[in-house]
Number of protein chains: 2
Amino acid sequence: MTTVFNDPTQFAQEMLSGFCRLHADTVQPVTGGCVRATETPEGKVAVVIGGGSGHYPAFAGWVGPGMADGAVVGNVFASPSAQQVHAVAKAAQRGGGVFLSYGNYAGDVLNFNLAQERLNAEGIPTRTVVVADDITSASAEERHKRRGTTGDLVVFKIAGAAAEAGYDLDGVVEVAQRANDATYSFAVAFAGCTLPGDPDPLFTVPKGRMGVGMGVHGEPGIAEEDVLPAADLARMLVEKVLTERPDGARRAAVLVNGLGGTKYEEMFVLWNDIAPLLEDAGVEIVAPEVGELITSLDMAGVSLTLFWLDEELERLWVAPAQTPAFRRGSAITTTRRDPAAIEDATAVTYPEATTESQASARALLAIGQRVAAALHEHETELGKLDSIAGDGDHGRGMTNGADAALKALTEAVEAGAGAASALAAAGDAWGDRAGGTSGALWGAGLRAAAGALADDSAVTGAQVRTAVRAALEHILSYGKAERGDKTLLDALIPFTEALEQDESELAQAWAAAAQVATTEADATADLTPRIGRARPLAERSIGHPDPGAISLALVMRTAAR
Amino acid sequence: MTTVFNDPTQFAQEMLSGFCRLHADTVQPVTGGCVRATETPEGKVAVVIGGGSGHYPAFAGWVGPGMADGAVVGNVFASPSAQQVHAVAKAAQRGGGVFLSYGNYAGDVLNFNLAQERLNAEGIPTRTVVVADDITSASAEERHKRRGTTGDLVVFKIAGAAAEAGYDLDGVVEVAQRANDATYSFAVAFAGCTLPGDPDPLFTVPKGRMGVGMGVHGEPGIAEEDVLPAADLARMLVEKVLTERPDGARRAAVLVNGLGGTKYEEMFVLWNDIAPLLEDAGVEIVAPEVGELITSLDMAGVSLTLFWLDEELERLWVAPAQTPAFRRGSAITTTRRDPAAIEDATAVTYPEATTESQASARALLAIGQRVAAALHEHETELGKLDSIAGDGDHGRGMTNGADAALKALTEAVEAGAGAASALAAAGDAWGDRAGGTSGALWGAGLRAAAGALADDSAVTGAQVRTAVRAALEHILSYGKAERGDKTLLDALIPFTEALEQDESELAQAWAAAAQVATTEADATADLTPRIGRARPLAERSIGHPDPGAISLALVMRTAAR
């Protein structure tokens, strides 16, 4: 909903004032809207666009070199008056006539036409192209009755570039009309918007449903359906817009518009599905635009627009533009980097290893297999334990980490890696895939442990003891916790100490230390955790053992077998 | 809420893929995120930024010349892993070392630190500045504990410009740390956001309330209050951020950030209130940024950031940048136009008039006064009539129009205008202020009527008859309605015909025609209107007269008195 406003009746005026204040180098306010603050040549056709407010960047966001000379700014979702159109056109015109353009809505048609008549009567040659691109709003036979939506940006950009290039008024009209006739849009809406000061939305779409073909002011569409996954939505949009593909049309500018409540992340996901579908259909995509192009306040929804190009339209589409909300061209000259020159840090090569160390790596792999299996067996139990005071993802995090480590170990062993390199790869993979603080610490610990091993000799009991100590110290240095804080340290510290103090054969000492860790992990149930900003729900864990300590003990016991 | 997605666990990856596909000239995907697709000089410090997804344009939107060399892209609201950071840094680095920067959150600190340690161990000099600008999240004494919010953009821009200018790693760290220390943000939140696939919002703010100091992931703030009008909100934000104004600080970059659900229109309204408050406090605003800078999906809220400048910081802040979401500099060179050279179409000058015509203008003024008074008297009644099948604003539209026309008539008469000019001015004013189709048609009709009068002679009965006919014909040419469609034409057509056919003295003929119009207006209650897309609720009007016809008859009767 619209939340930030003062007097709702002054919303559009204050919006325009703030916008012009912000972009004072580019635009300046005039009666009825705004015009460029920069010099334009005498005799240039003035491109004047406009409509109701609430659709930013439409329309004021597109005033500047390469696009519009002026924008007429009506109240929210209401046509500007003929007097506003007239005033902006008078302020914008430079003796080359005025080109008016706007989306096809009855109020805008009436007021812009009244203004055009008056401008012509005053000796200022004025012509108009009305944007009509929404294919659901009228049939192909009556396309002049279609609503104007994202096609606005197409037609304004083409007209703006043509006027900047020195086209005369008739020339601008001709090419802009051709652009309009080559533009096809299809929209879906997920939720309505709330106007400043209104208690209720202007219109609604039921949750989980979408208005297919719905207009940007809530104009009825052609159907209401369940919301689709992005891939299916992409297919629907592409199929609909391609139904009117002109014969032989091949190259197209493509626009995906978000209405305000549908965010850039979602539009990029959608684009990831749309682009291949268009390419499969033989469409060559030219200078696409994906973003909030014509919004309706916080309304949620997206649309797809295809603008079929010929040589002239393509040249005008990619021409430079410099407006507050739409820019083409760069102040910085760049050259393309050879993609092959970019280092791939994940391409692993292992140092040469002795057969003894390779045998130790195979032993680590066997341990990794047992650990992964044991964690899968206990995943649900660990998740439940974590959900008492956390987000319940500890079991999933541990299996993700162990699975990734196992995969890395397998690849390392197959590639002939030694014990140190294999364990380092396992640690990296665990840290990368497990997620969360716990996953990062497990990865860091395993990687530190690997530093105590070697690729040119078998692993010794002394190395393992050093490795476990190294892992503990590394975790302590990053984890910001101490023994007694009810974390995995409450199992890892006693495990490390028990292993170091037990001078018997490694397997026996490890098994004994794992039992110590298990006892201490269970005893965390009696600990009262530190409760703070980072662990606001930790008091819920009182009486329950810590899932991180429990899983660490489980891993150690499993490794011992 | 997040609506467009496929598998929620793949959301961040598909988002990144779609983003890189869209901006293939600028960025290319690598393991863990993306890097520039363009050449950068050997030996340049690589600026690597990152964090969780869901904050676009942070962070991938800022990769490109003048800003970042690479962005690490974690899952939604989750830190990227140390392995991701390491991989992106390796792909981005050009032999000049790596500068890491990110917002101050525990998971990011852990993973970026682990990566930094590994990069340094591998012989790639790596240093970090952690962004900490949110003044509510820790005291000034513990500012290193503050969360990073819009300050990200500040620090990344400064570091990016410094690296581009050839600063070495220590130099980039020094200036970026100085930028961080000079940056202060304060936020309010109006509504939470919903993650892909989640049934419920991640957190909520009660409707009509705002979380003061709330973080971008819903971290608790310092208070919850009723939403304020924009002017009061601006005052709160400015006062809070100025509490930590450094001694002597004068020039500042100013940033207003919208979290995703708060739209550009609202931010411009807010800026319209913020900018004067800062100026009053002696702040010189340099290159401000108002928009969606660091979002949280569709979360609603805004923040204010002040970045206090010295000469070096200002130079770096305004330096060119060319990224998908942040650009400085232009491909088009512009010069400022003299604002005084822009024609003000609303500055009215009246042609010279004879005293006879001036007397007629005064008579029109007297009529205008009576009409405005009568419309105010009947405003509520007209509104009620309109609310049966419309939006109930007809009474308000008519009084707005009549008041504006009266003001224009008064000014015209005071300026010595003749009857034709005075009536034209009245028509323009009516059309400009009344709103809606009816207002535009009233304005157009009055303006057309003015064309039948003169400034050099008194108004004659014949002129009035011609004027009324001209108004009718003009309205018919624009209104797309016919007699019987239940519009004002059902009163205006019989009025015009009656006036034309009655050859008696004007006042008498007018009064009689007004009676005809009244009878016909009342009779519109018996008409069944055309019901279509433009008038979907028109059937509700059956049995009730048309408000447009009723108000026209009222105006005509009032004019006759």
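I take "buried" to mean under 20% relative accessible area. The model I am reading is a predicted one.

**Entry: strand β5 of chain A**

I started with β5(A), residues 98-103. I wanted to know which of its residues are buried on each face. On one side I listed Val98(A), Leu100(A) and Tyr102(A), and on the other Phe99(A), Ser101(A) and Gly103(A). All of these are buried, so both faces of the strand are covered. In a regular strand the side chains alternate between the two faces of the sheet. Six of the six residues are buried, so I note β5(A) as largely enclosed by the rest of the structure.

Next I looked up its partners. β3(A) pairs with β5(A) in the parallel sense, over four bridges. Within that pairing, Ile49(A) has Ser101(A) as its bridge partner. Strand β6 of chain A, residues 126-131, also runs parallel to β5(A), and six bridges join the two. There I found Val98(A) bridged to Thr126(A). Strands of a sheet pair through backbone hydrogen bonds, either parallel or antiparallel.

**Entry: Thr38 of chain A**

I then moved to a loop. Thr38(A) lies between β2 and β3 of chain A. Is it buried or exposed? Its relative accessibility is 4%, so Thr38(A) counts as buried. I checked what it touches, leaving out residues up to four places away in sequence. From chain A I noted Asp25(A), Thr26(A) and Pro65(A). From chain B I noted Thr334(B), Thr335(B), Arg336(B) and Arg337(B).

**Entry: chain A overall**

I stepped back to the whole chain. Chain A has 17 helices and 14 strands. Its C-alpha atoms fill a box of roughly 105 × 50 × 45 Å along the principal axes. I compared its radius of gyration with that of a compact globule of 561 residues: the globule would be near 24 Å, but chain A has 33 Å. Buried residues make up 60% of the chain. Among contacts with a separation of 6 or more, 72% join residues 24 or more positions apart.

**Entry: a sheet in chain B**

In chain B I traced an open sheet of six strands. I read their order as β1-β2-β4-β3-β5-β6, with mixed pairing. Which strands stand at the edges? They are β1 (27-30) and β6 (126-131); each has a single partner strand, so one side of each is left without a neighbour in the sheet. Neighbouring strands are turned by 25° against each other on average, direction ignored.

I looked at one pair more closely. β3(B) and β4(B) run parallel and are joined by five bridges. Val48(B) stands opposite Gly70(B) there.

Helix α2 (82-92) of chain B lies across β1, β2, β3, β4 and β5 of that chain, at about 160° to β4(B). Helix α5 (169-181) of chain B also packs on the sheet, touching β5 and β6, and its direction makes about 5° with that of β6(B).

**Entry: helix α6 of chain B**

Last, I checked α6(B), residues 230-242. It reaches 18 Å from first C-alpha to last over 13 residues, close to the 18 Å expected. Its buried residues include Ala230(B), Leu233(B), Met236(B), Leu237(B) and Val241(B). An α-helix has 3.6 residues a turn, so residues three or four places apart point the same way. Among the elements covering the buried residues of α6(B), I noted β7, β8, β9, α7 and β12 of chain B.

Conventions:
Residues are numbered from 1 along each chain as its sequence is written. Chains are lettered from A and ligands numbered from 1 in the order in which they are written. This is a predicted model: local features need pLDDT of at least 70, side-chain atom pairs count only at pLDDT 80 or more; totals for chains, interfaces and linings use all residues. Side-chain values use heavy atoms; hydrogens and water are left out. Two strands pair if DSSP finds at least two bridges between them. Axes are lines fitted to C-alpha atoms, for helices over the stretch in contact, and angles run from 0 to 180 degrees between N-to-C directions. Contact means heavy atoms within 4.5 Å. The expected span of a helix is 1.5 Å times one less than its number of residues. Buried means under 20% relative accessible area, exposed over 50%, partly exposed in between (1.4 Å probe, protein chains only). The radius of gyration is taken over C-alpha atoms; the globule rule is 2.2 Å times the number of residues to the power 0.38.
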